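Visitor: Hello! I would like a close look at one part of this structure, please, and I am new to the subject.

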Amino acid sequence: MSGQWKKAAALEPVWAALARHRDEIAGRTMRDLFAADPARAGRFTLSFDGLLLDYSKNRLTGRTMALLRDLAAAADLPAWTRRMFAGERINTTENRAVLHVALRNRGNAPIMVDGADVMPEVNAVLARMRDFTARVRDGAWTGATGRRIASVVNIGIGGSDLGPRMAVEALAAFRHERLAFHFVSNVDGAEIARTLAPLDPAETLFVVASKTFATQETMANAATARAWLTAALGDGAVARHFVAVSTNAAEVARFGIDAANMFEFWDWVGGRFSLWSAVGLPIALSIGMDRFEEMLDGAHAMDGHFRDAPPERNLPLTLALVGVWNTNLLGAETQAVLPYDQGLARFPAYLQQAEMESNGKSVGRDGRRVERATAPVLFGEPGTNGQHAFYQLIHQGTRLVPCDFIAPAETHYKTGRHHAMLLANFLAQSEALMLGKTAAEARAELAAEGLTGAALEALVPHRVFGGDRPSNSILVRRLDPRTLGMLIALYEHKIFAQGVIWGINSFDQWGVELGKQLATRILPELEGDGPPGRHDSSTTQLLAQVRAWLKP
């Protein structure tokens with residue numbers, strides 16, 4: 001029996017104890033739990049450096065949390081955490097270290113990979129980012145015609161798009177007043193065409209983010225942007241209007257970008273964890289390098305908390321364990337992330353990649369098929385929009401949907417009663433999900449509305465809410481660069497902890513490869529005149545129909 005298989009087997013007694021415990025408390029509602037313990041909210045709330053996590057509105061007890069912490073210990077989470085921070089190659093299928101924590105290592109303590117300290121390289125890139133962003137922001141960097149930059153277009157996909165796009169939007173209150181930011185990721189030509197249409201080539205800077213400088217979607221969009229620019233300003237303008245975030249200096253130079261304007265990152269930076277690197281260049285251009293480093297500071301603070309805080313006070317670990325409870329013991333197949341801040345509108349989409357690409361695995365580190373559910377399907381929208389869209393299912397549907405509610409107490413936008421109304425809804429929704437509404441309460445409510453008899457009774461079932469719908473509430477004082485850094489790192493470490501418990505490698509993404517391989521094969525068949533290759537009958541039929549419709 002292999003070492004990893006033995007470790008997986010060692011978890012089984014804890015899983016069994018958790019299942020017995022779940023059955024023992026199955027009859028206790030959250031109403032019961034709150035009624036029995038007036039101090040429950042305080043006992044199931046953690047805070048760190050201005051970030052508060054209230055997880056009391058989950059159907060769990062102190063015994064539940066103790067068993068879950070036993071599970072983390074049995075999975076050897078402390079050792080895996082040490083290995084990650086030490087730069088060991090814990091991404092085993094790609095033989096890579098996992099060191100997004102090094103990118104925001106503000107204490108600058110050495111972090112070693114293969115015997116070499118990576119911090120001098122990290123700091124050198126940060127220094128180059130500081131110099132470049134300062135020149136663009138103060139107008140010293142100009143385009144080919146001598147005009148200052150007014151529009152920044154980031155061209156990337158996946159982690160090279162979702163992270164920067166989310167953060168620039170989240171920190172819009174800190175954005176440079178003379179710079180507008182745009183993001184292009186989809187290979188659908190509509191996105192880049194619509195983005196470029198209102199822009200002035202003489203005032204536009206493109207940031208092309210691709211580690212290999214060969215990502216199909218990114219390079220197709222970059223080629224279109226280059227053609228648009230050179231049609232107006234000539235080939236010589238490329239060096240003043242394009243910069244790259246990449247490791248492939250030869251391809252960057254072939255594109256026409258000055259090698260001095262290529263910002264490196266490393267193979268130990270996973271795409272979905274890369275906004276802390278030069279991939280975050282649009283963020284730094286937007287908010288300035290000082291504030292970008294405040295974001296790094298916040299993440300670094302959360303790194304230290306996750307690494308050093310005891311399990312019972314550890315926010316990322318607690319968030320991970322509550323998720324394991326809801327997914328593996330209560331059977332939840334989804335997770336809603338519901339930010340009550342318009343700036344965080346893209347945060348659920350960002351976490352979709354972070355969680356589902358990381359932990360959407362069915363094979364463990366030992367190569368065996370996992371026996372339990374891994375990552376839930378994650379979705380979300382900002383409040384209050386989501387309330388008028390999918391909250392109906394969360395409140396009264398047949399599926400259990402755990403929710404993370406996120407809100408800042410303060411707003412950057414003083415507009416009448418808007419923020420008070422927003423916070424009232426933030427507070428009300430988690431309470432409503434927990435309490436529900438009994439038949440007696442619904443009956444009394446309908447009677448107060450003047451209904452009686454059969455008409456009243458006919459409506460009662462429709463007005464009943466089952467309650468006992470689990471949620472976490474995450475509250476910060478205000479959304480700023482430091483807070484955003486802490487919030488992102490909170491979820492990054494949650495994802496890591498869950499991956500360790502489930503016995504999977506959270507840092508590869510082989511599942512995205514097959515479709516890309518087949519698309520590469522189909523593209524020439526779609527564009528050519530020859531017979532298509534061998535496919536299943538459905539794909540062959542669809543391919544033939546598209547070719548017929550596109551035939552001149």
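How many salt bridges does the structure hold? Please take me through some of them and their surroundings.

Guide: Happy to! Please keep in mind that this is a predicted model. The structure holds 35 salt bridges. Here is the general idea: side chains of opposite charge can pair when their charged atoms come close.

Let us begin with the whole chain. The chain contains 23 helices and 13 strands. Its C-alpha trace spans about 80 × 60 × 55 Å along the principal axes. The radius of gyration is 26 Å, which agrees with the value near 24 Å that a compact globule of 552 residues would have. Of those 552 residues, 50% are buried. Looking at contacts in the chain with a separation of 6 or more, 74% come from residues 24 or more positions apart.

Now for our first pair. Arg 106 and Glu 293 join their side chains in a salt bridge, with 3.2 Å from N to O. Arg 106 belongs to the loop between helix 6 (100-103) and strand 3 (112-113), while Glu 293 belongs to helix 14 (residues 289-308), so this pair ties together parts that are 187 residues apart in sequence. Arg 106 is partly exposed, because its relative accessibility is 31%. Glu 293, with a relative accessible area of 17%, is buried, because buried means under 20%.

With a relative accessibility of 0%, Arg 104 counts as buried. Leaving aside residues up to four places away in sequence, Arg 104 touches Trp 276, Leu 296, Ala 299, His 300, Asp 303, Ala 489, Glu 492 and His 493.

In helix 7 (residues 119-138), Arg 135 and Asp 131 are four residues apart, about one turn of the helix. They form a salt bridge whose closest N and O atoms are 3.2 Å apart. Arg 135 is partly exposed at 29% relative accessibility, and Asp 131 is partly exposed too, with a relative accessible area of 42%.

Helix 12 (residues 249-255) holds the other pair, Glu 251 and Arg 254, which are three residues apart, again about one turn of the helix. Here the closest N and O atoms of the salt bridge lie 2.1 Å apart. Glu 251 is partly exposed at 30% relative accessibility, whereas Arg 254 is exposed, with a relative accessible area of 59%. Salt bridges can also link up through shared partners: Arg 106, Arg 130, Asp 290, Glu 293 and Asp 297 are joined into one network in this way.

To finish, here is a place where two helices pack. Helix 4 (residues 62-74) meets helix 15 (residues 315-329) at an angle of about 105°, and their axes are 10 Å apart. That angle makes helix 4 roughly perpendicular to helix 15. From helix 4, the contact uses Thr 64, Met 65, Leu 68, Arg 69, Leu 71 and Ala 72; from helix 15, it uses Leu 317, Thr 318, Leu 321, Val 322, Val 324 and Trp 325. Sorted by class, this contact of helix 4 with helix 15 has nine nonpolar, two polar and one charged residues.

Technical notes. Residues are numbered from 1 along each chain as its sequence is written. This is a predicted model: local features need pLDDT of at least 70, side-chain atom pairs count only at pLDDT 80 or more; totals for chains, interfaces and linings use all residues. Side-chain values use heavy atoms; hydrogens and water are left out. Axes are lines fitted to C-alpha atoms, for helices over the stretch in contact, and angles run from 0 to 180 degrees between N-to-C directions. Angles under 35 degrees count as roughly parallel, over 145 as roughly antiparallel, 65 to 115 as roughly perpendicular and the rest as oblique. Contact means heavy atoms within 4.5 Å. Ala, Val, Leu, Ile, Met, Phe, Trp, Tyr, Cys and Pro count as nonpolar, Asp, Glu, Lys and Arg as charged, and the others, Gly among them, as polar. A salt bridge is a side-chain nitrogen of Lys or Arg within 4 Å of a carboxyl oxygen of Asp or Glu. Buried means under 20% relative accessible area, exposed over 50%, partly exposed in between (1.4 Å probe, protein chains only). The radius of gyration is taken over C-alpha atoms; the globule rule is 2.2 Å times the number of residues to the power 0.38.
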